[in-house]
Amino acid sequence: MEKIGEIKEAFLQGREEQWRVLIRRYEGDERPGVRKLCEKYEKELEKLKKERQRIEGMRIFEKQYEDKEYICGIDEVGRGPLAGPVVAGAVILPKDCVIYYVNDSKKLTEKKREELYDVILKEAVSVGIGYASPKRIDEINILQATYEAMRMAIGKLSVKPDILLNDAVTIPGVDIPQVPIIKGDAKSISIASASIMAKVTRDRLMVEYDRVLPVYGFASNKGYGSREHIEALKKYGASDIHRRSFIGHFVDVSGTK
């Protein structure tokens with residue numbers, strides 16, 4: 001008879017299909033430890049079933065345009081911060097792609113975003129990332145800078161999309177059919193994936209800025225207007241990555257460029 005530790009290891013090393021096989025194999029085992037293992041992984045299978053249903057619900061728009069070969073999700077992060085760039089993501093997933101736990105990046109933990117970043121990068125047909133710097137945001141305003149970052153992200157894709165699924169906006173200056181979807185990062189797996197790629201990229205960049213400019217706490221606040229960030233801004237003044245057009249309420253930016 002196999003030891004409970006060996007059975008536990010088999011479950012740990014397995015995945016969804018292997019769990020089903022193992023549960024059937026050991027469902028008649030009378031040992032409490034084995035019964036608990038079977039019950040635990042039956043619950044895991046139920047969770048995966050619900051997650052599969054949720055993800056299927058996030059593929060409604062992808063199914064609506066399934067006649068298109070390359071469906072691209074577009075989203076941005078960083079329109080609101082006082083510092084750092086606005087970053088846009090463009091993601092083309094394979095047909096019928098299912099990546100568990102993809103969601104609006106704001107609804108995910110940092111750890112889960114990082115995990116999904118690697119999965120999306122591996123599974124995607126193509127990923128493009130675009131930026132607009134703080135200086136560019138000051139020059140042309142945040143909305144136009146966001147559009148610019150989105151166009152850059154599209155331009156960095158290795159294939160040209162047949163259709164764009166955008167989170168809420170219609171991007172000017174793009175010759176590809178677009179579908180703006182309100183709260184699209186919670187409704188489309190493609191847009192949610194773009195949201196994750198953009199968010200992780202920007203967060204990593206702000207961590208790098210924190211190493212150079214530690215007084216502002218960019219690693220924790222990511223450039224948003226937290227109390228600590230605003231206090232540091234008032235104490236130390238603006239850095240080169242602060243958006244002058246955003247910080248006039250906190251520091252005097254007259255005479256700065």
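**Exercise 1.** Leaving aside its neighbours within four places in sequence, which residues is Leu-93 in contact with?

Before you start: this is a predicted model, where local features need pLDDT of at least 70, side-chain atom pairs count only at pLDDT 80 or more, and totals for chains, interfaces and linings use all residues. Residues are numbered from 1 along each chain as its sequence is written, and side-chain values use heavy atoms, with hydrogens and water left out.

*Solution.* Step 1: contact means heavy atoms within 4.5 Å. Step 2: with those neighbours set aside, Leu-93 touches Ile-71, Ile-99, Ala-124, Val-125, Ile-189, Ser-190 and Ser-193.

**Exercise 2.** Find the largest nonpolar core and what gives residues to it.

*Solution.* Step 1: such a core is a set of buried (under 20% relative accessible area, 1.4 Å probe, protein chains only) Ala, Val, Leu, Ile, Met, Phe, Trp, Tyr and Cys residues joined through side-chain atoms within 4.5 Å. Step 2: the largest has 22 residues, and Leu-93 and Ile-196 are among those with the most contacts inside it. Step 3: E2, helix H5 (110-123) and H8 each give two or more residues; helices (H or I, at least four residues) and strands (E, at least two) are DSSP runs, numbered from the N terminus. Step 4: H8 gives the most, seven residues.

**Exercise 3.** Work out the strand order of the open sheet and its edges.

*Solution.* Step 1: strands pair if DSSP finds at least two bridges between them. Step 2: the five strands run E3-E2-E1-E4-E5, with mixed pairing. Step 3: E3 (126-132) and E5 (178-181) each have a single partner strand, so one side of each lacks a neighbour in the sheet. Step 4: E4 (residues 163-167) and E5 pair in the parallel sense over four bridges.

How values were computed
Buried < 20%, exposed > 50% of the residue type's maximum accessible area, 1.4 Å probe, protein only.
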